[in-house]
Amino acid sequence: MKKYILSSLLLSVCLSGTFTAVADNETSTNRMIVVNGNGSYKGFNVGTIDHVEFASVEGEVAANVKVLEFDLEKAVLEVKRTPECFSFKVNVIPGVVAHQLEANPLSAESWLDRYGSPEYAEDFTKGTLSGITLDYGTEYAAVTLGYDMYGVACEFRADYFTTESAPVVGNPMVDVKVVNADYTTLELDFIPNEDVSSFYFVIFGEGEAESQYNMFAPMFGFKNMGEMIRMWGLEHVGNYSYTYKDLEPNTVQELYVLPLDANGNHAPLQVFKMSTKAKGGPGDAVVDIKIDSFSLTDWDGEMKPTLAISFTPNDQTWAYRIGVYPAETYDSNEAEILAELKSDPWMPTSGWWQFFDLSSEYMIDPETAVVIVAVAKNGEGVWGEPSIMRYTTPALEGVATKAAAPRNGEFKKRKNPVRNIHRAGFAPSVSERTVRMTGK
């Protein structure tokens with residue numbers, strides 16, 4: 001009887017596509033996998049399980065926490081458990097992590113274990129949590145995770161506070177002047193005052209710094225924005241000139257500057273807004289598409305059939321995107337493809353946009369029907385009508401027609417040089433996938 005109960009339970013708890021429950025026989029089913037909502041799981045050997053029970057716990061299981069006092073080495077807390085809360089884990093963690101755990105509490109247990117959080121089974125009216133080391137000018141949270149009588153992790157709670165600013169010597173500040181702004185470059189002069197021992201700087205798109213911090217702080221261990229600027233930034237001492245390249249036209253940039261005092265303490269962050277030169281106009285944004293050639297060219301030491309295409313935006317175009325698709329793929333997914341092309345990246349992405357004339361090459365077999373698409377925004381950010389060209393590659397002497405179908409329906413594009421995920425002085429970016437379609 002036991003094996004049938006276990007097999008039924010497996011079928012109810014396993015996630016489709018992640019774990020597969022098999023038929024009721026003892027030789028093929030010998031593990032029980034319990035998966036929670038964030039995809040983490042715990043496995044059991046079916047042969048060692050005596051029985052499986054289900055239970056109910058009514059009411060909230062939480063340890064409500066309040067910060068009464070704090071300094072850089074301790075926090076005085078009030079912690080009160082709800083009636084169904086048997087015990088709780090407690091700690092003080094960076095606020096940026098606590099905010100993420102409030103949004104996704106299923107990760108709270110692993111994070112609190114990572115911080116070495118102690119567990120208690122009593123309330124505290126004025127408990128001192130020691131053994132912590134906090135930084136100046138940083139948001140933290142006193143956090144708890146409640147456990148019920150079965151040892152199940154339940155509710156996450158947080159109370160936020162911010163430590164005092166570092167004792168800064170003097171008034172360290174850096175003046176920044178824009179010497180020249182072009183479509184993709186900003187030429188800057190940095191002039192620190194006499195209280196600045198050195199300074200760091202990083203450039204972001206408008207409004208991106210906070211989202212980048214929230215995204216990357218748990219990964220890199222940043223506890224405050226100054227730490228992020230210091231890790232990602234360029235450091236310099238004294239007056240300095242620097243030119244940012246590879247920026248986007250028509251774009252407001254925010255330059256974050258972190259001055260250090262004579263003792264190396266962080267002074268308040270400074271933020272300077274500046275814009276690259278405007279490109280495009282209020283009219284219709286259109287991209288001209290031209291077939292340059294179809295021939296055999298070298299791809300990593302092998303001669304392959306190659307379609308060379310030129311894209312030329314008109315004078316009203318600010319930015320545009322392109323795609324090259326098998327005709328049958330485009331025709332069956334036209335709406336989805338156009339919607340994807342007319343989309344913004346989820347984070348700064350190298351190669352997502354094109355701004356100027358572009359020549360690109362694709363590995364495509366002879367006698368293959370393709371659809372080439374370009375869609376552009378004008379200088380006011382308004383999308384124009386897509387430019388669509390249908391083309392069938394000609395035969396090539398000595399080359400088999402459709403010798404190898406595109407993998408996953410995707411044409412291989414010759415990669416243009418792209419910047420790394422991060423360069424000093426820049427916010428990180430990801431590299432854009434080279435093809436934007438699925439299916440064949």
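Predicted model: local features only at pLDDT ≥ 70, side-chain atom pairs only at ≥ 80, totals over all residues.
Biologist: Where do Glu-206 and Lys-273 sit in the chain?

Modeller: Glu-206 is in the loop between β12 and α4, while Lys-273 belongs to strand β16 (residues 270-275). The pair links distant parts of the chain, 67 residues apart.

Biologist: And is Lys-273 buried or exposed?

Modeller: Lys-273 counts as exposed, at 55% relative accessibility. Glu-206 is partly exposed, with a relative accessible area of 44%.

Biologist: How many salt bridges does a search of the whole structure find?

Modeller: The search gives 15 salt bridges. Arg-81 lies in strand β4 (residues 75-81) and Asp-123 in the loop between β6 (119-120) and β7 (124-129), so the pair ties together parts that are 42 residues apart in sequence. Arg-81 is partly exposed at 27% relative accessible area, and Asp-123 is partly exposed at 38%.

Biologist: What about Lys-89: which side chain does it meet in a salt bridge?

Modeller: Lys-89 meets Asp-113, with 2.5 Å from N to O. Asp-113 is in helix α3 and Lys-89 in strand β5 (residues 87-94), 24 residues apart.

Biologist: Is Lys-89 buried or exposed?

Modeller: Lys-89 is buried, with a relative accessible area of 11%; this falls under the 20% cut-off for a buried residue.

Biologist: Changing topic to the sheets: in what order do the three strands of the open sheet run?

Modeller: The order is β10-β11-β14, with antiparallel pairing. β10 (174-181) and β14 (240-244) are at the edges with a single partner strand each, so one side of each has no neighbour in the sheet. From one strand to the next, the twist averages 25 degrees.

Biologist: Over how many bridges do β11 and β14 pair?

Modeller: Strand β11 (residues 186-192) pairs with β14 over five bridges, in the antiparallel sense. Glu-187 has Thr-243 in β14 as its bridge partner.

Biologist: Which strand forms a hairpin with β17?

Modeller: That strand is β18, with two residues between them. In the turn, Asp-300 has a positive phi of about 55 degrees. β17 (residues 287-299) and β18 (residues 302-313) pair in the antiparallel sense over twelve bridges, and Phe-294 has Leu-307 in β18 as its bridge partner. β18 also pairs with strand β21 (residues 358-363), antiparallel and over six bridges; there, Ala-308 stands opposite Glu-361.

Biologist: Which residues form a nonpolar patch on the surface?

Modeller: The patch consists of Val-57, Phe-86, Met-149, Tyr-150 and Val-152, which together have about 510 Å² of accessible area. Tyr-150 is located in the loop between β8 (139-147) and β9 (153-162).

Terms used: Residues numbered from 1 in each chain as written. Heavy atoms only, no water. Patch = residues over 30% accessible without salt bridge, like charges linked within 9 Å, V, L, I, M, F, W, Y side chains within 5 Å. Areas by Shrake-Rupley, 256 points an atom, 1.4 Å probe, with all protein chains shown as cover. Salt bridge = Lys/Arg side-chain N within 4 Å of Asp/Glu carboxyl O. Helix = DSSP H or I, 4+ residues; strand = E, 2+ residues; numbered from the N terminus. Pairing = 2+ DSSP bridges. Axes fitted to C-alpha atoms, helices over the stretch in contact; angles between N-to-C directions. Buried < 20%, exposed > 50% of the residue type's maximum accessible area, 1.4 Å probe, protein only.
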